[in-house]
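Open the model in your viewer with the sequence panel beside it.

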Amino acid sequence: KVSVVILNYNGLKLMQKYLPTVIENSRGAEVIVADNGSTDGSVEWLRNEHPELRLIAFEKNFGFAEGYNQALKLVDNEYYVLLNSDVRTPEGWLQPLFDYMETHSECAACQPKIKSYYRRDFFEHAGACGGLMDEWGYPYCYGRMFDTVEEDKGQYDTPSRIFWASGACLCIRRFCYHEAGGLDGDFFAHMEEIDLCWRLASRGWELACVPQSVVYHVGGG
């Protein structure tokens, strides 16, 4: 029921380092790489080293938002997991997200606890333990306020409703993604997932963080 979709643009070194953990620890899910017209040998490496993976290759760079829109038109599974190429996925990362979505029909999308790859005891900036929005429109997270990130001491270990889920690792229902119009390509990259989640919330859907799932994000890759 699940497709893990990694969008790549000239990220050969990142894929060489992190893709094997995604493949190893995502058993039972389809792993797809969508390539945004890379020129660094990414496509050739994928075809040679991982011919078992489904590869969607574009002729140009559509950007993060529109790249996913184009790729996900070709993916039919019930759940999408949009996963950045600079994320390490440990064993057991995917099952809690899937289980939560299966048992919470009111939830359109969820994210795991996102921790720093370099400081494993701390949250990572891009999503931390779930996104919120203040009354002035500033996004922040459980575990991250502006540039300050907290040490993870289990303070956010209960699944919780959030306002937005991070695009670094976003599990979303296929129906919800397309019914809400997908990511807005005008953003190209950054803030696009907040806009999508806002549209989902305005349609009455809930969003959640499932901290029983943990991934480690380099950030900025």
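Begin with strand 4 and strand 12, which pair in the antiparallel sense over 5 bridges. Two strands count as paired if DSSP finds at least two bridges between them. Strands (E, at least two residues) and helices (H or I, at least four) are DSSP runs, numbered from the N terminus. The model is predicted, so local features need pLDDT of at least 70 and side-chain atom pairs count only at pLDDT 80 or more, while totals for chains, interfaces and linings use all residues. Residues are numbered from 1 along each chain as its sequence is written, and side-chain values use heavy atoms, with hydrogens and water left out.

**Strand 4 and its partners**

Select residues 79–83, which make up strand 4. Of its 5 residues, 5 are buried, where buried means under 20% relative accessible area, exposed means over 50%, and partly exposed lies in between (1.4 Å probe, protein chains only). Tyr79, Val81 and Leu83 point one way from the strand, and Tyr80 and Leu82 point the other way.

Next, show strand 12, residues 169–173. Tyr79 stands opposite Arg173 there, and the bridge partner of Leu82 is Leu170. Strand 12 is also mostly covered, with 5 of its 5 residues buried. Cys169, Cys171 and Arg173 point one way from strand 12, whereas Leu170 and Ile172 point the other way.

Which other strand pairs with strand 12 in the antiparallel sense, over 2 bridges? Select residues 107–116: this is strand 6. Its Ala109 has Ile172 as bridge partner in strand 12.

Switch to side chains. A pair of aromatic rings is described by the distance of the centres and the angle of the planes. Rings of Phe, Tyr and Trp (its six-membered ring) pair if their centres lie within 6.5 Å; planes under 30 degrees apart count as stacked, over 60 as edge-to-face and the rest as tilted.

How many aromatic pairs does a search of the whole structure find? The search returns 10. Select Tyr79 and Phe98, an edge-to-face pair with 5.8 Å centre to centre and 90 degrees between the planes. Tyr79 is in strand 4 and Phe98 in helix 4 (residues 95–103), so this pair ties together parts that are 19 residues apart in sequence. Is Phe98 buried or partly exposed? At 21% relative accessibility, Phe98 counts as partly exposed, whereas Tyr79, at 1%, counts as buried.

Move on to Tyr80 and Tyr177, which also form an edge-to-face pair, at 5.9 Å centre to centre and 80 degrees between the planes. Tyr177 belongs to helix 5 (residues 174–179) and Tyr80 to strand 4, so the pair ties together parts 97 residues apart in sequence. Tyr80 is buried at 0% relative accessible area, and Tyr177 is buried at 1%.

**Other rings and charges**

Select Tyr18, Tyr117 and Tyr118, which form one aromatic cluster. Then go to Arg119, whose charged end sits over the ring of Phe122, 4.0 Å from its centre. A charge sits over a ring if NZ of Lys or CZ of Arg is within 6 Å of the ring centre and within 35 degrees of the ring normal. Arg120 lies over the face of Tyr216, at 4.8 Å from the ring centre.

**Two distances to check**

Val215 lies in strand 13 (residues 206–217) and is buried, with a relative accessible area of 1%.

Then label Leu82 and Phe123, which are 41 residues apart in sequence and 19 Å apart in space, C-alpha to C-alpha. Leu82, found in strand 4, is buried at 1% relative accessible area.

**Last stop**

Finish with Trp136, in the loop between strand 7 (131–133) and strand 8 (139–141). With a relative accessible area of 67%, Trp136 is exposed.
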